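Could you walk me through this structure, one feature at a time? I'd like to learn how to read it.

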Amino acid sequence: MAATPFPARQFSRRSVLRGGLGALAASAAGVPLLSACGGNSSGGDAKEMSFWNFYGPSDDQGPQSKWFVDTVEEWNKNNDVKVKLRYIPGKDYLNGTTLQTAFQSGQGPDIFLISPGDFLRYYNGGVLQDLGSALSDESKADYLPGLLEARSVDGKVYGLPMEIEPLAMYYSEAAFEKAGLSEADLPKTWDQTLAVAQKLTNGKQYGVMFETQPGYYQNFTWYPFMWQGDGNAIKDGKVAFDSPASVQALKFWGDTIKNKVAPRKPLGDGGGDVVSNLGSGAVAMQQSGIWAVADLRAKAKNFKYGIIPHPTPDGGKPATDLGGWAFVANSKGKNPEAAAKFIAWALGSTDAAGVERQRQWNTVVKTNVPPRKSVQQAADAKGAFAEGALKKFVSEIAPTGKPEPRFPPEVYQPIADAIQACQLNAADPAKAAADAAEKIDTFLKTYQGAPIS
């Protein structure tokens, strides 16, 4: 029997920043789905734990890398069980198979990062450690409602979120000026996006860019366009992907390539890398997340840009996706209990040092919406969201957001295949949506894993 997802809903600015995201889980039997997904052993008490991530220590030794290095060094100074970082480049971590291959071979890391979209792969695979015993009641209460629930099953917390990441469209002020376009030309609809992108496209620059590399990240960035037409992949426990909303969203992304106003392949680390694409002049408009504000500030501080909400289809409603990575521990790792304690300390500490550590991550070295009330208050006190792009993200864009869906691979993959087929291979969107829906329906009829939401 298929698990019943919690109905998706939109959120006000107050609910996003003060009240949280709402409950996202529903009851279902927790039967392992990916039996090949294993760990190192049944757990132990080793004195060193590996922490795989895509931030540090990186070659550029930037502020985000330094935050990871400093956090681990602080832990290691005061604890017998040490943490050792392993850096994996972002494009390999996000769209590659490094993690999956490691777990399948029994060599998974002790601590690692996952997005909500990949949560069920590892939970159903039986390798996520319950973090509850390491978390204080004060820490749990500090998280915005719904954030821990999105990474929980049967009331047990298996991941601790480090951020909330809404998506928007970035644009180059210089590109618009050079094309003779003004702020009045910023697109509000899909048709306007295609028309404006045509005017911005020239021999050296594409007018617009969406992610083209397959993976959980591409799905994450595409979902808002489906939601704008009131579509969903699953509704009331049944497949709902074969809908006009899905078809028109698939067609829109495909039209950007078909009309030759968007590149088939992004530069740098992919569609979320604004510095390498928008900042280099390769594209004039680009979808990315709130994190790009910090990236541009650190690596292209003189680049002038603006942000706008996602353009909508005719009759559609604004929508964005509220992503965010979480620290998780391997229940079959070398020391699961110590790994859980490290995660609770690094992200959940409620003392002054813990709050400042999270404020630094969410508003200084990186730009996110903080997932904890105390961190939000500390950020507000510093004026983090008082002006500019961050103010617009918080006041205008985040309130239209929905939590990133928690889909198992058997739901995610048919959607990914449909996006790729329509975007890059000019497939018929109606047929692609129907084919994906058929595969999802077949899977849901026998699914007995953790709740899909």
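Predicted model: local features only at pLDDT ≥ 70, side-chain atom pairs only at ≥ 80, totals over all residues.

Q: Which domains does the assignment give?
A: Domain bounds come from an automatic or database domain assignment. Here, domain 1 is 48-161 + 325-393, and domain 2 is 167-322 + 405-445. Taken over C-alpha atoms, their centres are 27 Å apart. The contact (heavy atoms within 4.5 Å) takes 27 residues from domain 1 and 27 residues from domain 2.

Q: How much area is buried between domain 1 and domain 2?
A: The size of an interface is often given as the accessible area lost when the parts come together. Buried area is that loss for two parts, found with a 1.4 Å probe and summed over both. For domain 1 and domain 2 the figure is about 2,100 Å², and carbon and sulfur atoms give 59% of that. On the domain 1 side, Asn95, Thr367 and Phe393 lose the most area to domain 2, together 29% of what that side buries.

Q: How many salt bridges and polar contacts are there between domain 1 and domain 2?
A: A salt bridge is a side-chain nitrogen of Lys or Arg within 4 Å of a carboxyl oxygen of Asp or Glu. The count between the two domains is one salt bridge. As for polar contacts, think of a pair of N or O atoms within 3.5 Å; within protein, one must be able to donate a hydrogen and the other to accept it, and residues adjacent in sequence count only if both atoms are side-chain atoms. Across this interface, nine residue pairs are in polar contact, both residues at pLDDT 80 or more. Helices (H or I, at least four residues) and strands (E, at least two) are DSSP runs, numbered from the N terminus. Elements giving two or more residues to the domain 1 side include helix 3 (90-95) and helix 13 (352-365). The largest share of that side, four residues, comes from helix 15.

Q: Is glutamine 228 buried or exposed?
A: Buried means under 20% relative accessible area, exposed over 50%, and partly exposed in between (1.4 Å probe, protein chains only). Glutamine 228 has 2%, so this residue is buried. You'll find glutamine 228 in the loop between helix 9 (216-227) and strand 8 (234-235). The side chain of glutamine 228 reaches the backbone oxygen of proline 311 at 3.0 Å. Leaving out residues up to four places away in sequence, glutamine 228 touches several others, among them Trp190, His310 and Thr312.

Q: Where does asparagine 335 lie, and what does its side chain reach?
A: Look in the loop between strand 13 (326-329) and helix 12 (336-348). The side chain of asparagine 335 reaches the backbone oxygen of alanine 46 at 2.9 Å and the backbone nitrogen of alanine 338 at 3.1 Å. Asparagine 335 is buried, with a relative accessible area of 9%.

Q: What about lysine 156: where is it placed?
A: Lysine 156 is in strand 5 (residues 156-157). At 43% relative accessible area, lysine 156 is partly exposed. Not counting residues up to four places away in sequence, lysine 156 touches Asp130 and Arg151.

Q: Which residues are linked in a network of salt bridges?
A: Glu163, Glu165 and Lys366 are linked that way. By the salt-bridge rule, the count comes to 13.

Note on methods: Residues numbered from 1 in each chain as written. Heavy atoms only, no water.
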